[in-house]
Amino acid sequence: RPKMRKVTILLLVLGCFVFTEAATAGVKLNFNFEKNKPVRYQLTMKSAAKFSTPDGKNQEMKMDNYLEITQELIERKPDGNVRVAITINKAKQEVNGKPQPLYNIEGQTQLVTMSPSGHIAETVAGAGFQSGQLQMVFPTRELNEGDQWEQTQFIDKPLPMEMKTIYTLK
């Protein structure tokens, strides 16, 4: 019996080592669009802003946005970038708990050229929304569970502002 215990303990130790190695292996996140297979997803954004108006009053604004979005591959470019059609299928917004219009963006489509990581290289004008504001850009480094990255964007609607988003890989 003593020999059996040693073998069991050794297997448990080896099992922990293999599991630890697998858990620390990083992943590189990229978009992987396929022709005729649109990607549909829901995007929920919650934000809070504090600012001063030109007359010196301090204001607070809480915004909740809900969007249903479709991204569809139009063309894969030789440089690895892709041309994608981004369509807003449904859009709702609340500002300080009250419904607010989203400038008629439902049903609008915008064509963009983007890298596999999501960086938008070119936008075809004409749609009623800023696709860069809706596009997550993955970092180029490998990530592990719990890693974070930031994305800073400049938007002009509903107010001109710099928006910083912090993502966490779960």
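Arg 83 counts as buried because its relative accessibility is 14%; buried means under 20% relative accessible area, exposed over 50% and partly exposed in between, with a 1.4 Å probe and protein chains only. Arg 83 also meets Glu 122, side chain to side chain, in a salt bridge of 3.2 Å, N to O. This is a predicted model: local features need pLDDT of at least 70, side-chain atom pairs count only at pLDDT 80 or more, and totals for chains, interfaces and linings use all residues. Residues are numbered from 1 along each chain as its sequence is written, and side-chain values use heavy atoms, with hydrogens and water left out.

**Overall build**

- The protein has two helices and eight strands. Helices (H or I, at least four residues) and strands (E, at least two) are DSSP runs, numbered from the N terminus.
- Along the sequence the pattern reads α-β-β-β-β-β-β-α-β-β.
- The protein has 170 residues, and 28% of them count as buried.

**Strand pairing**

- Strand β1 covers residues 39-52 and pairs with β2 in the antiparallel sense, over 14 bridges. Two strands pair if DSSP finds at least two bridges between them.
- Arg 40 stands opposite Thr 70, a residue of β2.
- β1 and β2 form a hairpin with five residues between the strands. Gly 56 in this hairpin takes a positive phi near 90 degrees.
- β2 also pairs with strand β3 (residues 82-95), in the antiparallel sense and over 13 bridges.
- Glu 72 has Ala 85 in β3 as its bridge partner.
- The hairpin of β2 and β3 has five residues between the strands. In its turn, Gly 80 has a positive phi of about 95 degrees.

**Salt bridges**

- The structure holds four salt bridges. Each is a side-chain nitrogen of Lys or Arg within 4 Å of a carboxyl oxygen of Asp or Glu.
- Which strands does the pair of Arg 83 and Glu 122 tie together? In the salt bridge of 3.2 Å between these side chains, Arg 83 lies in β3 and Glu 122 in β6, so the pair ties together parts that are 39 residues apart in sequence.
- Glu 122 has a relative accessible area of 40%, so this residue is partly exposed.
- Asp 64 forms a salt bridge with Lys 46, and their closest N and O atoms are 3.6 Å apart. Asp 64 lies in β2 and Lys 46 in β1, so this pair ties together parts that are 18 residues apart in sequence.
- Asp 64 counts as partly exposed because its relative accessibility is 33%. Lys 46 counts as exposed, at 65%.
- Glu 34 and Lys 37 meet through their side chains in a salt bridge of 3.3 Å, N to O.
- Glu 34 is partly exposed, with a relative accessible area of 41%. Lys 37 counts as exposed, at 51% relative accessibility.

- Gln 71 is in strand β2. Is Gln 71 buried or exposed? Its relative accessible area is 1%, so Gln 71 is buried.
- The side chains of Gln 71 and Tyr 41 are joined by a polar contact of 3.4 Å. A polar contact is a pair of N or O atoms within 3.5 Å; within protein, one must be able to donate a hydrogen and the other to accept it, and residues adjacent in sequence count only if both atoms are side-chain atoms.
- Ser 115 sits in the loop between β5 (109-114) and β6 (120-123). With 13% relative accessibility, Ser 115 counts as buried.
- The side chain of Ser 115 makes a polar contact of 2.9 Å with the side chain of Ser 117.

**Aromatic residues**

- The whole structure contains four aromatic pairs. Rings of Phe, Tyr and Trp (its six-membered ring) pair if their centres lie within 6.5 Å; planes under 30 degrees apart count as stacked, over 60 as edge-to-face and the rest as tilted.
- Which residues form one aromatic cluster? They are Phe 31, Phe 33, Phe 138, Trp 149 and Tyr 167.

**Nonpolar surface**

- Ile 74, Leu 111 and Val 124 make a nonpolar surface patch of about 200 Å². Patches are made of residues with over 30% relative accessible area and no salt bridge: like charges are joined within 9 Å, nonpolar side chains (Val, Leu, Ile, Met, Phe, Trp, Tyr) within 5 Å. Accessible areas come from the Shrake-Rupley method with a 1.4 Å probe; for residues, only the protein chains shown count as cover.
- Ile 74 belongs to strand β2 (residues 58-76). Ile 74 counts as partly exposed because its relative accessibility is 38%.
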